[in-house]
Amino acid sequence: MGTAIAAERGGLGYIWGMYISAAQYQNGIGRALINEIQQLLPSAKHFSVVGLQASPDARAFIKRLFFSDSGMR
């Protein structure tokens, strides 16, 4: 269904890999993964999304979650 890779360094959470099966788009899995990351990294005050080759759908998803074009929230 979906997976994510994240870590925290110095109060900043980094999300650099999040993959969701296309068949599962629009089912809340991406938002659930982001929420889980935030709970697992409580010392992260801000998050950075690193999307080296993000698809247009992924970019739209990131913007819907209030991340700026720079990937910061």
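From the N terminus on, the chain runs β-β-α-β-α. That makes two helices and three strands. Helices here are DSSP runs of H or I with at least four residues, strands are E runs of at least two, and both are numbered from the N terminus. This is a predicted model, in which local features need pLDDT of at least 70 and side-chain atom pairs count only at pLDDT 80 or more, while totals for chains, interfaces and linings use all residues. Residues are numbered from 1 along each chain as its sequence is written, and side-chain values use heavy atoms, with hydrogens and water left out.

**The whole chain**

The chain has 73 residues, and 29% of them count as buried. Buried means under 20% relative accessible area, exposed means over 50%, and partly exposed lies in between (1.4 Å probe, protein chains only). The accessible surface of the chain comes to about 5,000 Å². Carbon and sulfur atoms own 56% of that surface. Such areas come from the Shrake-Rupley method with a 1.4 Å probe; for residues, only the protein chains shown count as cover.

Next, contacts. A contact means heavy atoms within 4.5 Å. Take the contacts with a separation of 6 or more: 52% of them join residues 24 or more positions apart.

**Helix 1**

Helix 1 covers residues 29-40, which is 12 residues. From first C-alpha to last, helix 1 reaches 16 Å, close to the 16 Å expected at 1.5 Å a residue. The expected span is 1.5 Å times one less than the number of residues.

Which residues of helix 1 are buried? They are I29, G30, L33, I34 and I37. Seen down the axis of helix 1, these buried residues fall within an arc of 140 degrees, so they line one face of the helix. The arc is that of the directions from the helix axis to the C-beta atoms. Their cover includes strand 1 (2-9), strand 2, strand 3 (46-49) and helix 2 (56-64).

I29 lies in helix 1. I29 counts as buried because its relative accessibility is 15%. Not counting residues up to four places away in sequence, I29 touches M1, G2, I20 and Q24. L40 also belongs to helix 1. L40 counts as exposed, at 59% relative accessibility.

Y25 sits in the loop between strand 2 and helix 1. Y25 is partly exposed, with a relative accessible area of 39%. Leaving aside neighbours within four places in sequence, Y25 is in contact with I20 and D57.

Q26 is in the loop between strand 2 and helix 1. Q26 is not a glycine, yet its phi is positive, at about 65 degrees. Is Q26 buried or exposed? Q26 counts as exposed, because its relative accessibility is 71%.

**Pairs across the chain**

The table sets separation in sequence beside C-alpha distance.

| Pair | Apart in sequence | C-alpha to C-alpha |
|---|---|---|
| I29 and Y19 | 10 residues | 9.9 Å |
| Y25 and D57 | 32 residues | 9.1 Å |
| L40 and A6 | 34 residues | 9.5 Å |

**A nonpolar patch**

I5, W16, Y19 and V50 make a nonpolar surface patch of about 390 Å². Patch residues have over 30% relative accessible area and no salt bridge; like charges are joined within 9 Å, and nonpolar side chains (Val, Leu, Ile, Met, Phe, Trp, Tyr) within 5 Å. A salt bridge is a side-chain nitrogen of Lys or Arg within 4 Å of a carboxyl oxygen of Asp or Glu. W16 lies in strand 2 (residues 12-20). W16 is partly exposed, with a relative accessible area of 43%.
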